[in-house]
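Take a look at the structure first, then read on.

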Amino acid sequence: MERVASRARTGKAALYRRWSSRAELVMDACRSTALTAIETPDTGALRSDVIDLMRQLAAKVASPLGGILRGLLAEMTRDPDFAKLVRESVHTVGPAALRTILERAVERGEIQPWILNSRRATVATDLLRNQFLLFGTPVADDVITDIVDDIYLPLILHPAPKRAGDGG
């Protein structure tokens with residue numbers, strides 16, 4: 001907060017009147033820089049919608065905002081309150097858009113409704129985030145199509161396996 005106050009040529013007290021914590025200040029800064037702005041694609045087909053979304057997310061993390069995101073993720077390990085704020089704001093961006101895409105796919109009959117509430121639903125964005133964190137940017141387009149075609153679509157297009165205790 002001291003560095004922000006110094007750069008803004010104000011006092012820390014002025015910052016704390018607007019933001020009750022460092023976490024809130026950072027999240028507000030992220031929102032104002034469009035870190036969370038993602039357009040939900042609607043091409044009429046699940047595959048092209050997911051690929052379009054993944055390309056948008058890859059472009060976001062390849063921009064200067066990717067460095068901010070890395071810093072946010074690192075800080076999450078040190079500050080539980082901050083981690084909660086990030087999860088509520090940034091973490092839901094890709095999955096929220098993906099959920100809309102999946103809801104449309106259910107309406108078109110492309111996938112089964114149970115996918116919406118399964119762990120399978122966010123695997124594509126989880127894998128993209130993993131690629132970004134482990135290998136940096138840019139995330140190559142062939143990586144995106146591999147995630148979608150080789151992992152994500154086969155995972156969500158097939159029925160869930162029967163588990164012990166399931167009726168039938």
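In this predicted model, the axes of H4 and H8 approach to within 11 Å and cross at roughly 30 degrees. Angles under 35 degrees count as roughly parallel, so H4 and H8 are roughly parallel to each other. Their crossing is right-handed.

**The H4 and H8 contact**

- On the H4 side, the contact is made by Val50, Met54, Leu57, Ala58 and Val61.
- H8 meets them with Ala124, Thr125, Leu128 and Phe132.
- By type, the residues of this contact are eight nonpolar, one polar and no charged.

**The largest nonpolar core**

- The largest nonpolar core holds 28 residues, and those touching the most other members are Leu46, Val50, Met54, Leu102, Ile111, Tyr152 and Ile156.
- Two or more residues of this core come from each of helix H4 (46-62), helix H7 (93-108), helix H8 (123-135) and helix H9 (141-157).
- With seven residues, H4 gives the most to this core.

**Around Tyr152**

- Which residues is Tyr152 in contact with, leaving aside its neighbours within four places in sequence?
- Tyr152 is in contact with Val50, Leu98, Leu102, Arg120, Ala121, Val123, Ala124 and Ile147.

- Another core, of nine residues, lies apart from the largest one, and its members include Met27, Val61, Phe82 and Val86.

Note on methods
Residues numbered from 1 in each chain as written. Predicted model: local features only at pLDDT ≥ 70, side-chain atom pairs only at ≥ 80, totals over all residues. Heavy atoms only, no water. Core = buried A, V, L, I, M, F, W, Y, C linked by side-chain atoms within 4.5 Å. Buried < 20%, exposed > 50% of the residue type's maximum accessible area, 1.4 Å probe, protein only. Helix = DSSP H or I, 4+ residues; strand = E, 2+ residues; numbered from the N terminus. Contact = heavy atoms within 4.5 Å. Axes fitted to C-alpha atoms, helices over the stretch in contact; angles between N-to-C directions. Parallel < 35°, antiparallel > 145°, perpendicular 65-115°, else oblique. Left-handed = near helix turned anticlockwise from the far one by under 90°. Nonpolar A, V, L, I, M, F, W, Y, C, P; charged D, E, K, R; others polar.
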